Amino acid sequence: MMMRNNLFVLLLLSAISVFAQEIQIGEKVPTFQVELVDEDQSVFSFDGSTGKAVLIDFWASWCSPCVAGMPHLEALQKKFEGRLQVVSASEEKYERISRFQEKRPYQFLFARDTGSLRTLFPYQVIPHSVLIAPDGRLVAITSPEHITGQVIEQVLADQKINLPLKKDHFDFDPAHEYFEFDEEVQQLFQLQPYMSGIPTFSRTYMDAPFKQRRMTIFNLNVAGLYRKAYQVSSYRLIYEFDESRIGWEDKKNRFCLNVIAQSPEQLYPYMKEQLSQHTEVLAKPSTREIEVLVIKKAEGGIKAQAVQEKGLTQARGDGFKNEGASMADFCAYLEHFGIVGMAVVDETGDDGLYEIDFSFDPENAESFKEAMANLGLTYEKGVRNTDVLVLSMKENQ
């Protein structure tokens, strides 16, 4: 099963408690212990006297950027064996971390954090890295890509480092109104630059006065804005220019959008029209033959319980739970969450609603296969004439 590294960092919505006196860079880290996931059910104890540098990487099994970074952690652990200890800490259940470790037997330590480490080193977004010098000083709170071999060499040599500080915006509130305007406005299109301190997210409005006719989007590039407007996944984008020209890494390529239409029916058409006028990129729906994952009924049919009405959805990188969803909804989940790394086509021929409880271990292809079979579904790769969105630059028109 193909997996796709999501470029978006993953926002954790669980509540945290922050120490009144948060540890600052350069200060000594207090003693702590954390439960290890190993055969001996031992603990990792830190008291600042081990003489090793300690790198704590906060992660989760459903976080694809976290998992994608683990080979780098493994390389650091091997290169600096005896001088560096990598501790990969997750708040997931012991059994879940253990299953991941069996499939990905890295040599660094896997730990189960019951909240003590997160309280000591507060964060909201993973992956999140903390680096402690051999003398027990906190020397970095940063994103894991900044922890290179050269950085570890400098820390072990007691040299000063100055890495970008990853300080999550703890006051962030997705319900907060980040755009200021007159609520009597009937139609509006605001495109603004990247907003620091706010994660990538979108918000739709379900209450008056903007019920279903307003959307706000934060810190997406132009391709992402068009994906929202046309409601397609990244696997259906066709670029007729060098994709790096609107690359995610450069924050100048990311924007915030506030759009209000006169009616719910006009929201997406108005958004498409305005994007074409206010950006250098044009979008055109088309069809192309592309490789897709085809979902079909297994022999015996759908095994999920049939229901009469649509229900609430809970979805993330390791599961989909819904009290009333169609097979098309489920296929959209597989595609939009990057579960299979390609566009997904529903060929079940079934338009009923079902109570779906689907979960699997992303690192285990057999787990995915078993979960699909439990729903009464089969899958295979194929080439289909598929709806896509072609992006082009105005200068080339």
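Which side chains meet in a salt bridge at 3.0 Å, N to O? Select R245 and E395 and you have the pair. Before going further, some ground rules. This is a predicted model, with residues numbered from 1 along each chain as its sequence is written, local features needing pLDDT of at least 70, side-chain atom pairs counting only at pLDDT 80 or more, and totals for chains, interfaces and linings using all residues. Side-chain values use heavy atoms, with hydrogens and water left out.

**Stop 1: R245 and E395**

A salt bridge here is a side-chain nitrogen of Lys or Arg within 4 Å of a carboxyl oxygen of Asp or Glu. R245 sits in the loop between β13 and β14 (254-260) and E395 in the segment after β21, so this pair ties together parts that are 150 residues apart in sequence. Helices (H or I, at least four residues) and strands (E, at least two) are DSSP runs, numbered from the N terminus. R245 is partly exposed at 40% relative accessible area, while E395 counts as exposed at 54%. The cut-offs are under 20% for buried and over 50% for exposed, with partly exposed in between (1.4 Å probe, protein chains only).

While salt bridges are on screen, select R96, R99, D361 and E363: salt bridges that share partners join them into one network. The structure holds 17 salt bridges.

**Stop 2: E35 and R112**

Now pick E35 and R112, another salt bridge, whose closest N and O atoms are 3.9 Å apart. E35 belongs to strand β2 and R112 to strand β6, so the pair ties together parts that are 77 residues apart in sequence. Both ends are partly exposed: E35 has a relative accessible area of 30%, and R112 has 24%.

**Stop 3: helix α3**

Show residues 94-103, which make up α3, and colour Y94, R96, I97, F100 and Q101, its buried residues. Look down the axis of α3: the buried residues fall within an arc of 165 degrees, so they line one face of the helix. That arc is taken from the directions from the helix axis to the C-beta atoms. On the other side of α3, E95 and E102 are exposed.

**Stop 4**

Q77 is buried, with a relative accessible area of 9%. A polar contact of 3.2 Å joins its side chain to that of Q85. For a polar contact, a pair of N or O atoms must lie within 3.5 Å; within protein, one must be able to donate a hydrogen and the other to accept it, and residues adjacent in sequence count only if both atoms are side-chain atoms. Leaving aside neighbours within four places in sequence, Q77 is in contact with L84, Q85, V86, Q107 and F108.

**Stop 5: strand β12**

Jump to residues 214-221, strand β12, where 8 of 8 residues are buried. Strand β11 (residues 201-204) runs antiparallel to β12, joined by 4 bridges, and F201 stands opposite F218 in β12. β12 also pairs with β14, in the antiparallel sense over 6 bridges; the partner of T216 there is N258. Two strands pair if DSSP finds at least two bridges between them.

**Stop 6: the open sheet**

Finish with an open sheet of 4 strands, in the order β13-β21-β15-β19 with mixed pairing. β13 (237-239) and β19 (343-346) stand at the edges, each with a single partner strand, so one side of each is left without a neighbour in the sheet. From one strand to the next, the twist averages 35 degrees. β15 (residues 281-297) and β19 pair in the parallel sense over 4 bridges, and I295 has D346 in β19 as its bridge partner.

α6 (residues 222-230) lies across β13, β15 and β21 (377-393), at about 65 degrees to β15. α9 (residues 365-375) lies across β15 and β21, at about 105 degrees to β21. Axes are lines fitted to C-alpha atoms, for helices over the stretch in contact, and angles run from 0 to 180 degrees between N-to-C directions.

Key
Contact = heavy atoms within 4.5 Å.
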